[in-house]
Amino acid sequence: MSTQKLTIGNYLLQRLKSLGIDLIFGVPGDYNLPFLDQIEDFEGIQWGNNCNELNASYAADGYARIRGIGALVTTFGVGELSAINGIAGSYAEMVPVVHIVGTPPTASQASGAILHHTLGNGDFRAFANMYKEATIAQTSLTKNNAVEEIDRVLTQCLLKGRPVYIGFPVDLSDYEINMDPASIKPLNLSVPRNPKDEHQAALDNILHHIKKAQKLAIIVDACAIRHEMMKKVLRFVERTQLPVYVTPMAKGGIDESHPQFRGVFAGNCSTEQVQKEIYDADLILSIGSMNSDFNTGGFTYRLSQKKTIEFHTYHTKIFYAIYDKVDMRQLLPDLTEHWPGNLAHQHFDKPFEIQAPVLDSKHQNEIIHEYFWHKLPEFIPEKSIVVAETGTSEFGVFNMHAPNGVTFLTQILWGSIGYSIGAALGAALAGKSDNRRVFVLVGDGSFQLVCQEVSSMLRFKTNIVILLLNNDGYTIEKLIHGPDRAYNNIQMWRYHKSFEYFGAGLKQNREQATTGFAGQVKTREEFEKTMAQVVKETDKIHFVEVVMPAMDAPKTLVLTIEGTREYKKREREIQE
């Protein structure tokens, strides 16, 4: 029998490393410091050292969207509550993040001691209880349950694609358990099998309807990407030879150079050609749909349930009939295998292409959105990562051409402004080993919430390209309500001086990023010249402050707001 021992902290780190995590984000606090010692000393995992917990949660989310899972460490109470917004966003957007919270000593918790970072009432479960609403599984580790509970919550994190919460008492990280590190078995991450009869009934019914349909179309949505279904989806697409569309939340999931790709479908925000093709179809195969307001162009989808088959992770819906627990992760490959080879397919004369915009001559030299989103793809290399901020940026990328292999990160459902900066850091560090460059598009207002993480971008020697869209205020909110209200105005900053303020060029305790361009561009000529430099200088971090006219916005944003207003109007009429 082995006499080797392993500390609880190192067991947790070994599990995280086995899942592909090589960096843990977070902020030091006295209740997590012994565990941070273990992180620093653990081979193969680096400490993330963020500027605040909210940004750490965004970074873990961005990292997870590239690597498949992310992690952060905060301290009890003040730290974990600073991060809860980001964790809630990961829950809403189905991103697996492990939140490890350093909690007070077990003896202090048992005695109800009045400690700092508490509410002063002896209740040490108050904050963990809050996290029950924003995580899929929670635990508080003890000497006796640590191994089983760590395995349980990590398994739930990956199988359910949602964040989890691990309360880790400060006095337990060095506690030794009787376990040989070499004897640790991989987690059981197998998906439960679908109920046999329900699965077969759903498959037979789908095959029956596809044989009757004349014009079929596939729409790929967020859940297919979040549950790592895209390889299976692509096999299905190529087996069926059907036209395929993506939603905004799934943009980049299908390469836009693929011969079957036809565009982004988001109701009224789609191009006229995409809308016509979708609405002309007599059978829609919807894979992993997320019918939120911004993902559907302000609820302007207008897809008939009578001609839509929906594939989800926990059920399948054929028109109005629901097949409970028939998971698409098993059903879709089965449907691919049984797809009839003699079906007539809908073919289009012209391949998918994005038409060049007709630009208003009165904005001949200004950088307006219609110009910007059409020009930007020329400067984004294949396999890059594009992070688009909540606001004008996430709507701008809807119908932007996506170079091959580009991954898009947005927060279309949760929509927390400022998400992009932390997420860009996480994505850059997750994609560094594959030499994937990050382009982050952020508004001036959003940047003011989270600008500190530019410091971490410098510290970790990233080559991120920050494109800050300066249109002098909260433009998206001005379009929604109160265009002339003072609350939608913000203090003007010298944004392009951010590198200087956050320590670029100062003597540091570690090597930092080399800075490239850091300045404003106000004309199209300046923008194109600058971006040519940015693309060439791949070993440097850049800050491009793009000055745009106030109140200018992507057409997709304007249409989404109009659609949302119409939806709210209909709701009020129904209530009356």
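## The second largest pocket

The second largest pocket of this predicted model has a volume of about 1200 Å³. Its lining is made up of 45 residues, and those nearest the centre of the pocket are Thr271, Glu353, Ile354, Gln355 and Asn399. Two or more lining residues come from each of the elements β11 (261-264), α11 (272-280), α13 (369-375), α14 and α21 (555-575).

Helix α11 gives the largest share of this lining, with 7 residues. Sorted by class, the lining of the second largest pocket holds 17 nonpolar, 14 polar and 14 charged residues.

## The largest cavity

The largest cavity contains about 150 Å³ of space. It is lined by 17 residues, and Thr390, Gly391, Gly443, Ser446 and Ile476 are the closest to its centre. The elements α14 (392-396), α16 (444-450) and α18 (475-480) each give two or more residues to this lining.

By class, 10 of the residues lining the largest cavity are polar, 4 are nonpolar and 3 are charged.

The volume of the second largest cavity is about 70 Å³. Its lining consists of Phe76, Thr103, Gln109, Phe124, Arg125, Ala128, Ser140, Tyr165 and Gly167. In this lining, 4 residues are nonpolar, 4 are polar and 1 is charged.

## The fold as a whole

The protein has 21 helices and 21 strands. Its C-alpha trace spans about 70 × 65 × 55 Å along the principal axes. How does the radius of gyration of the protein agree with that of a compact globule? A compact globule of 576 residues would have a value near 25 Å, and the protein has 25 Å, so the two agree.

Of the 576 residues, 57% count as buried. Among contacts between residues at least 6 apart in sequence, 76% join residues at least 24 apart. The protein exposes about 25000 Å², and carbon and sulfur atoms supply 49% of this area.

How values were computed: Residues are numbered from 1 along each chain as its sequence is written. This is a predicted model: local features need pLDDT of at least 70, side-chain atom pairs count only at pLDDT 80 or more; totals for chains, interfaces and linings use all residues. Side-chain values use heavy atoms; hydrogens and water are left out. On a 1 Å grid over the protein atoms alone, a cavity is a set of points where a 1.4 Å probe fits but cannot get out, and a pocket is an open set with protein on both sides within 12 Å along at least five of seven lines; lining residues have an atom within 4 Å of a point. Grid points are joined across faces, edges and corners, and a volume is the space filled by probe spheres set on the points. Helices (H or I, at least four residues) and strands (E, at least two) are DSSP runs, numbered from the N terminus. Ala, Val, Leu, Ile, Met, Phe, Trp, Tyr, Cys and Pro count as nonpolar, Asp, Glu, Lys and Arg as charged, and the others, Gly among them, as polar. The radius of gyration is taken over C-alpha atoms; the globule rule is 2.2 Å times the number of residues to the power 0.38. Buried means under 20% relative accessible area, exposed over 50%, partly exposed in between (1.4 Å probe, protein chains only). Contact means heavy atoms within 4.5 Å. Accessible areas come from the Shrake-Rupley method with a 1.4 Å probe; for residues, only the protein chains shown count as cover.
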